[in-house]
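Colleague: Could you walk me through this one? I have a few quick questions.

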Amino acid sequence: MRGPDVSTSATLASAISAQFTARARWTPLEIVFWLAAAATIWVLPEHHLILTEIVIWALLALSLDLILGYAGIISLGHAAFFGVGAYTAGLLAKHALVTEPVLGLLVAGLAGGLFGFVTSFLVLRGTDLTRLMVTLGVALLVREVANRAAWLTGGADGLQGIEMQPVLGLFRFDLYGHTAYVYSLCVLFVLFVIARRVVGSPFGLSLQAIKGNPLRAAAVGIGQTWRLVGIYTMAAAYAGVAGALLTQTTAFTSLESLSFDRSADALLVLIIGGTGHLYGGLIGAVVFRFAQDWIAAATPQYWQFWIGLFLVLIVLVGRDRIGGWFAPLRRLVDRVSDWRSWRGSSRRAEPAPDEGGRP
């Protein structure tokens, strides 16, 4: 009886491994997306300043999507981690403690992650409403501390006197934002690849199980506390890196990086792009920032009204219906991916020729 059991287990393990391999494979649409993003370096050189802002917003929204889209943790205080990273990078550069931007970025990410780890035990208690209030309270407390500690943070005047050294000692930040954009885009891509691997791993699938049905996940033996702490810490580190990028590319940071508006806008970006598939934050950042720039130029006093109207239309029309408009494109991409997978498997299945060249 043990033979069939072993064979069944091996078949199941092989099927699961094949499924994870398929999930990790990059689709043609993803490749096109990142190639288009890279092309903007040469195609849109005059828009690098606003594109850098979009990249930073995209990274902040990506960090929020890790906890909202995959773990079901809603937050109104994500700006706390953004601000911690921003002030960490600024203070390190101002006092010449860490002058290299990439190293400062890593330290700022660690600071944001550490703060996220410490506060996660408060945030993860209670229901969604409790978590919402706790995240908001933590962000407000951090902002008030930064406001009171004007001797360190500059208070309402902001942290000034920041001088950034060249990236890796080679690429100096220029007035037109060319270096800043390439640097920020590279950071976003690296962190996106890491996040993609995490959410496609067994750990990421367990988070989705917890989000879908916590009781059932606990019943099948999925531990919840440390998984949620882990993803919350990772999201906080990503937000810290986003804040550090803003400080490094502008050589300035202020209390605005810790404001409630920053958290609300990050949530707004994610609502526009959609949650639970990583690209939502990236697409939402592009739509939000360009819409904000265009509407503010057309009607400076009422741009927030038009953004709100756009959100209302999304709710009324329904995201599923909007997604249905792009269903033919998705089916075409799926067919191309399936064809590539079939071609690869058929080539591997062909018998090797013998010494005479015959199969």
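Colleague: In which helix is phenylalanine 305 found?

Modeller: Phenylalanine 305 is found in helix α14, residues 303-317, where helices are DSSP runs of H or I with at least four residues, strands are E runs of at least two, and both are numbered from the N terminus. This is a predicted model, in which local features need pLDDT of at least 70, side-chain atom pairs count only at pLDDT 80 or more, and totals for chains, interfaces and linings use all residues. Residues are numbered from 1 along each chain as its sequence is written, and side-chain values use heavy atoms, with hydrogens and water left out.

Colleague: How many helices and strands does the chain have?

Modeller: The chain has 16 helices and zero strands. Of its 359 residues, 43% are buried, meaning under 20% relative accessible area, with exposed set at over 50% and partly exposed in between (1.4 Å probe, protein chains only).

Colleague: Switching to rings, how many aromatic pairs does a search of the whole structure find?

Modeller: That search finds 13 aromatic pairs, where rings of Phe, Tyr and Trp (its six-membered ring) pair if their centres lie within 6.5 Å, and planes under 30 degrees apart count as stacked, over 60 as edge-to-face and the rest as tilted. For tryptophan 26 and phenylalanine 189, the ring centres are 6.4 Å apart and the planes are at 35°, so this pair is tilted.

Colleague: Why does that pair tie together parts that are 163 residues apart in sequence?

Modeller: Because tryptophan 26 lies in the loop between α1 (2-24) and α2 (28-43), while phenylalanine 189 lies in helix α8 (residues 178-199). Tryptophan 26 counts as partly exposed at 27% relative accessibility, and phenylalanine 189 counts as partly exposed at 36%.

Colleague: And which pair is edge-to-face?

Modeller: Phenylalanine 117 and phenylalanine 121 form one, at 5.3 Å centre to centre with 85° between the planes. Both lie in helix α5 (residues 101-123), four residues apart, which is about one turn of the helix.

Colleague: Back to tryptophan 26: what lies over the face of its ring?

Modeller: Arginine 196 does, at 4.3 Å from the ring centre; the criterion is NZ of Lys or CZ of Arg within 6 Å of the ring centre and within 35 degrees of the ring normal. Ring pairs also link Trp26 with Phe33, Trp34, Phe189, Phe192 and Tyr279 into a cluster.
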